[in-house]
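Reader: I have a model open on my screen. Please show me how to read its features, one at a time.

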Amino acid sequence: MTDKELFDELSYKRENAYEKMSDAEKKDMLGLCDEYREFLDEGKTERECVAKAIEMAEKEGFVNIDDVEKIKCGDKLYKINRGKNILLTVIGSEDIKNGINIVGAHIDSPRLDLKQNPLYESNGMALLKTHYYGGIKKYQWTTIPLSIHGVIYTRDGQKITLCIGENDSDPVFCITDLLPHLAKDQMSKKLADGIEGENLNVLIGGMPIGDDDVKEKVKFGILKILNERYNVTESSFLSAEIEIVPAFKARNIGFDESFIGAYGQDDRVCAFTTLKGIFSVNAPKRTALAILVDKEEIGSEGNTGMLSAFFPMTLAEIIEKLTGKCGVTDYNEVIANSACLSSDVGAALDPNYENVSEKRNASFAGGGIAVMKYTGARGKSSSSDASSEFVYEIGKILDEDGVVWQTGELGKVDQGGGGTIAQYVANLNMDVIDCGVPVLSMHSPFEVTAKSDVYMAYRAYKAFYNGR
Ligand code: MN
Ligand code: MN
């Protein structure tokens, strides 16, 4: 053996997932990514993602656990939480007290929410006031086509589901920005202050109607349209839950079509691959469980977030319906022996902004699924730091299955950071590690992922469910 051969054998080298894939795997990847783009187009809100997940799960033979009294090995079940959070499970043959294999992803994404009293007229135009949700760079949300999604009640109490701006024949909406000719003051501000939160107002109309006694004729026109089409009045907005998201569809990027560009890939890329992962499970040894949560982007609080008791309550329901009882000790044993992949995206190194990353420990688009021992910020604060034992175990499962993976730390030390659901799962007393697809332009209206990483995420979740 030459010294070079020995050096190569002793040192760690990153892999490129595309280079490692067989032709059959590449074909699989393209099919998976075609389906993934459809998933993104049909699921632009947490509610739409849950509806899509139910549709996909039922096709795979999953049934609602509420309709089942007793469950047994091989059963495929789901449970819905308020239409915004869903849990799926495939019951294993082994005693559930030995623990279960969990993959958790989130299905909420940064966006603009309508305020509760949003509609107003100004200078001959009708607009809607918003309050942004999650961490956004506000300037990215102006001058792009936007669509309206959500839920609103009619005066007689009927729930209407809105989705306007997604069909090619639909109108879209937008937030205007200042022309460069008049932007001298704006352009000299800090980037963060260039667009103010209170200026993220959505243009929705400009046609005045009615006689001169009507004070706000444009607003009147909009109210009449809303009333005729949806049977709602202005006060219907008070209880509405309406999200403004980019109106464009997911696309392939590049001459070689190696990337996917779309809104909401954080974290629907992991949600989709988690679903495909659990759909690959049939009568496993250990029970497999997938949970798609809401509210991660605002701290996981709330009854549909990871901090909600929905997960422990549903796990107790599963244990009881499977074994006939769920005492505290039974439950504790299941939790302590379980393991979880917190499947959430990481930051891919951006060639335009290399200096915020530390290259030896950054994740790269195309480098495979990123396994992140810890997240957090400033000295690993607010992070679940996975144990060496667990990182080794997961790495081994991935290696044995030929999954290309890399590590990934979110930027240089003290450059910033971020959290996931991992810490909240870990707090239950369970092994958990973050892993997911590296993303470029994260939290922007058009996030970018490498198809090979999407595929490797799916392969990783499949290997974890089937091989642990
Ligand atoms: Mn995320
Ligand atoms: Mn995020």
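Author: First, the ground rules. This is a predicted model: local features need pLDDT of at least 70, side-chain atom pairs count only at pLDDT 80 or more, and totals for chains, interfaces and linings use all residues. Residues are numbered from 1 along each chain as its sequence is written, chains are lettered from A and ligands numbered from 1 in the order written, and side-chain values use heavy atoms, without hydrogens and water.

Reader: Which protein donors hold the manganese ion (ligand 2)?

Author: Donors are N, O and S atoms within 2.8 Å of the metal (3.2 Å for Na, K and Ca); water is not among the atoms, so sites may look incomplete. Here they are Asp266 (OD), Glu297 (OE), Glu297 (OE) and His443 (NE2), at 2.1 to 2.6 Å. Their sequence spacing reads D-x30-E-x145-H. Asp266 also coordinates the manganese ion (ligand 1), 3.3 Å from ligand 2.

Reader: Where do Asp266 and Glu297 lie?

Author: Helices (H or I, at least four residues) and strands (E, at least two) are DSSP runs, numbered from the N terminus. Asp266 is in helix α8 (residues 265–279) and Glu297 in the loop between β13 (288–293) and α9 (310–323), so the pair ties together parts 31 residues apart in sequence.

Reader: Is Asp266 buried or exposed?

Author: Buried means under 20% relative accessible area, exposed over 50%, partly exposed in between (1.4 Å probe, protein chains only). Asp266 is buried at 3%. Glu297 is buried too, at 13%.

Reader: How do I read strand β4 (residues 101–106)?

Author: In a regular strand, side chains alternate between the two faces of the sheet. In β4, Asn101, Val103 and Ala105 point one way, and Ile102, Gly104 and His106 the other. Six of the six residues are buried, so β4 is largely enclosed by the rest of the structure.

Reader: Which strands does β4 join?

Author: Two strands pair if DSSP finds at least two bridges between them. Six bridges join β4 to β13, in parallel. Val103 stands opposite Ala290 there. Four bridges join β4 to β14 (residues 339–343), also in parallel.

Reader: What span does helix α4 (residues 46–59) reach?

Author: The expected span is 1.5 Å times one less than the number of residues. With 14 residues, α4 reaches 20 Å from first C-alpha to last, close to the 20 Å expected. Gly61 follows α4, with a positive phi near 90°.
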